[in-house]
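I opened the notebook for a friendly walk through one model.

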Amino acid sequence: MVNRLLANMSLDESLIGIHVNWSMYFPTVALIHRHLENVPEQLNGWVDDPLQQSPKLIQAINETAHEIQLNADVLVVVGIGGSYLGAKAVQDALTPYFGLQENGVEVLYVGHNLSGTYMKQLINHLHNKEVYMNVISKSGETMETMLAFRVLRNYMKNRYGNTHNNRIIVTTESNNGSLKKIADQNQYRTFAIPSNIGGRYSVLTPAGLLPIATAGIDINQLLEGAKDAAIHFKEEQVERNMAYRYAVIRYELYKKGYQMELLACFEPSLAKLQQWWQQLFAESEGKEQKGLFPSSVCYSSDLHSMGQFIQDGSPILFETLLHFNEVDMDYFLPIEERDEDALNYLTDKSFNEINTVAKEGVTAAHADAGVPIIQIQLKKLDAYHFGFLLYFFMKACAMSAYLLKVNPFDQPGVEQYKIKTLELLINSVIYKN
Ligand code: PA5
């Protein structure tokens, strides 16, 4: 059993159910590590970004967030994929389930779907509320984003007239794309997404940081966690680098015939983190007919649905259990004199403690059924540890894709969807006329 312990995080490999010949991976992992760290022409700017953050940039983001908090009830964030999921993942994980974070304003997202109903209801929801907008697109060309931006820009012009441009903030690559041109022509404020950081690796750039800060989350703590992770995961020896060990275990399980990885969480607020993780791994690895299919479950709810398949169905998957040891709040069962439901025996346990027992129960049951289990634990669900975790997954993902011999930083399949949809839209207009 190998249980790698760090103060912040641990990776428990005791239930993976396979033997990994680690020494076989020493040279390959070291080679990939050096490539990832040192070859500048690829989209690997995120590797050192947390170590090079400009205090001026972070101050500008915090000041803009503060301005929005003072002047708006709602920040509408327009974006999709990597220009949406990271910010939403952090926001959902670190703000209350009900109501707003202290100081935070309501941060809503649009442009990540093509639902007319969603758009209509969003516009209705803005009625009588003071609004700011942050449109985020690295390319500045993405169809869903640009359609929603057209609608919301129109809305802002009608509502705020000549002063509307003070309320629109554009986050895009500094030199390319229609969005940058529109921003310049209309004097919208801009934040830059570095050209050497791709969408799904951009959560710790202004693409993620402005919405996150506006929601009331401490981005300095988030970046501190990412920075510590960036230092920690610079270790090239696979035996001492948890991100690389996670990558190698995934790869070994893939080679043994497992086709799917399920990321299982125990807190519903982590659902968007799971989607961010799915995007990260699916777009980085799923190419050239290779890669594990990344999927996710939330326990305990999914134990009453997917749990059956995981326990007894086709043996195609392994589980990665993600658990935070400390969460912000807890609740105890009230004692009842008559104990009609016979639950008094649990009154000295909190909900979080019962959740942890359920985790131990499901781990034992799935392990007994032969499901390989990787266990990742973090000390606390807070901004610092979240930043640490995001960076861990990005480093692991890049290593994992290179082990598969695919490029972690392109997405030819997504581009294909964009081309086909554009073709169909153009054809439908020509046909109509
Ligand atoms: O990871 C990626 O690069 C993609 O998923 C993009 O984030 C997504 O397509 C949105 O692109 P853009 O930010 O250019 O609008």
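Here are my entries, starting with the ligand.

**Entry: the model.** I am working with a predicted model, so I keep in mind that local features were taken up only at pLDDT of at least 70.

**Entry: the shell.** I first looked up which residues surround the ligand. I found 14 of them, and the closest are Ser83, Ser137, Ser139, Thr142 and Gln279. Sorted by class, the shell holds nine polar residues, four charged ones and one nonpolar residue.

Entry: Next I went through atom pairs between protein and ligand. The side chain of Gln279 places a polar atom 2.7 Å from a ligand oxygen. From the backbone, a polar atom of Arg200 is 3.0 Å from an oxygen atom of the ligand, and a backbone N or O atom of Gly199 lies 3.5 Å from a ligand oxygen. I then checked the cover: the ligand taken alone exposes 390 Å², and the protein buries 91% of that.

**Entry: where the ligand lies.** Which pocket does the ligand take up? I noted that its space is the second largest pocket. The ligand lies between domain 1 (2-39 + 223-413) and domain 2 (45-217), because both give residues to the shell around it.

**Entry: backbone details.** I turned to the chain itself and looked up peptide bonds. The one from Tyr299 to Ser300 is cis, with omega near 20°. Ser300 belongs to the loop between β9 (293-298) and α12 (306-312). I also noted Gln289, a residue other than glycine with a positive phi, near 55°. I found Gln289 in the loop that runs between α11 (271-285) and β9.

Methods
Residues are numbered from 1 along each chain as its sequence is written. This is a predicted model: local features need pLDDT of at least 70, side-chain atom pairs count only at pLDDT 80 or more; totals for chains, interfaces and linings use all residues. Side-chain values use heavy atoms; hydrogens and water are left out. A residue is near a molecule or strand if one of its heavy atoms lies within 4 Å of it. A polar contact is a pair of N or O atoms within 3.5 Å; within protein, one must be able to donate a hydrogen and the other to accept it, and residues adjacent in sequence count only if both atoms are side-chain atoms. Accessible areas come from the Shrake-Rupley method with a 1.4 Å probe; for residues, only the protein chains shown count as cover. On a 1 Å grid over the protein atoms alone, a cavity is a set of points where a 1.4 Å probe fits but cannot get out, and a pocket is an open set with protein on both sides within 12 Å along at least five of seven lines; lining residues have an atom within 4 Å of a point. A molecule sits in a cavity or pocket if more than half of its atoms lie within 2 Å of its grid points. Ala, Val, Leu, Ile, Met, Phe, Trp, Tyr, Cys and Pro count as nonpolar, Asp, Glu, Lys and Arg as charged, and the others, Gly among them, as polar. Domain bounds come from an automatic or database domain assignment. Helices (H or I, at least four residues) and strands (E, at least two) are DSSP runs, numbered from the N terminus.
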